[in-house]
Amino acid sequence: MDEEAKSETREDGGAADRFGPFGILLHWTVALLVLFQLGSALAMEGMERELRGTVMGLHKAAGLTVVALTIARILWRRSTTLPDWPESVGAARRRLLHRVELAIYALLLVVPLAGWGTSMAAGHATSWFGLFTIPAFLPESETLAEVLGEVHEIGAFGLMAVVGLHAGLVVWEASTTSPGFLRRMLPPGVG
Ligand code: HEM
């Protein structure tokens, strides 16, 4: 995923200054799912047992979806050409934006996989919205569940931080150097 790839002609149906439709759809679907994951994790704390179980089921299924969509997104990203950077975004800021995005991709895999691992180490199979069930394939272990639980929780805070940084950098770029920057990730007609 190097930056040079972003300076060639596009092949995924988007304009030279905009991500393609599939990339945009994946970006906002994953963003909404991540918001749901953070919201449901916080909300679960105060819930009574039965409702908590239902929300936990949704949290796990949505987490598996994030893993699948992130893998799809990485494969898509490697097989397509990305939009050119605007001239107005200098080399150091391109590098920063790019590194923050790589950190997001890494955490989008680590956080849900650690959550899934926690659940398996506690002996639970995982249902995907009641449509199919993936049996636990990790050994049942209290220690493993604790370690992965910590990774899941700390990673989730890290993800919040890098997503906040990402949104801040993008908005800063759009409001100072490059007015059209946000449009890169908006469907034509919206921005
Ligand atoms: C959970 C929320 C979010 C996640 C996980 C996320 C993730 C990402 C990732 C990984 C990329 C890199 C795309 C690539 O080159 O492969 C990206 C690009 C982008 N995102 Fe987000 N994003 C989120 C929220 C937002 C928000 C709130 C905004 C607007 C304020 C935004 C605007 C953009 C823009 C304009 C780009 C294109 C920048 C570039 O060309 O590299 N994102 N996002």
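## Where two helices meet

Start by selecting Lys60, Gly63, Leu64, Val66, Val67, Thr70 and Ile74 in helix 2, which meet Tyr105, Leu108, Leu109, Pro112, Leu113, Gly115, Trp116 and Ser119 in helix 3. By class, the residues of this contact are 10 nonpolar, 4 polar and 1 charged. Keep in mind throughout that you are looking at a predicted model.

Now show the whole of helix 2, residues 49-79, together with helix 3: the two pack at an angle of about 145°, and their axes are 9 Å apart. Turn the view to follow the crossing of helix 2 and helix 3, which is left-handed.

## The nonpolar core

Next, select Leu107, Leu108, Val111 and Leu159. Within the largest nonpolar core, which has 13 residues, these four touch the most other members. Helix 3 and helix 4 each supply at least two residues of this core, and helix 3 gives the most, with 7 residues.

Centre on valine 111. Which residues does valine 111 contact, leaving aside its neighbours within four places in sequence? Look for His152, Gly155, Ala156 and Leu159.

## A stop at leucine 102

Stay on helix 3 and pick leucine 102, which lies in this helix. Is leucine 102 buried or exposed? Leucine 102 has 12 other C-beta atoms within 10 Å, and 12 or fewer counts as exposed, so this residue is exposed. Then draw a distance from the C-alpha atom of leucine 102 to that of valine 162: the two are separated by 9.9 Å, although they are 60 residues apart along the chain.

## Zooming out

The C-alpha trace spans about 50 × 30 × 30 Å along its principal axes. Of the 191 residues, 19% count as buried. Among contacts in the chain with a separation of 6 or more, 71% join residues 24 or more positions apart.

Notes: Residues are numbered from 1 along each chain as its sequence is written. This is a predicted model: local features need pLDDT of at least 70, side-chain atom pairs count only at pLDDT 80 or more; totals for chains, interfaces and linings use all residues. A nonpolar core is a set of buried Ala, Val, Leu, Ile, Met, Phe, Trp, Tyr and Cys residues joined through C-beta atoms within 7 Å. A residue is buried if 20 or more other C-beta atoms lie within 10 Å of its own, exposed if 12 or fewer, and partly exposed in between; C-beta atoms are placed from the backbone. Helices (H or I, at least four residues) and strands (E, at least two) are DSSP runs, numbered from the N terminus. Two residues are in contact if their C-beta atoms, placed from the backbone, lie within 7 Å. Axes are lines fitted to C-alpha atoms, for helices over the stretch in contact, and angles run from 0 to 180 degrees between N-to-C directions. A crossing is left-handed if the near helix is turned anticlockwise from the far one by less than a right angle, and right-handed if clockwise. Ala, Val, Leu, Ile, Met, Phe, Trp, Tyr, Cys and Pro count as nonpolar, Asp, Glu, Lys and Arg as charged, and the others, Gly among them, as polar.
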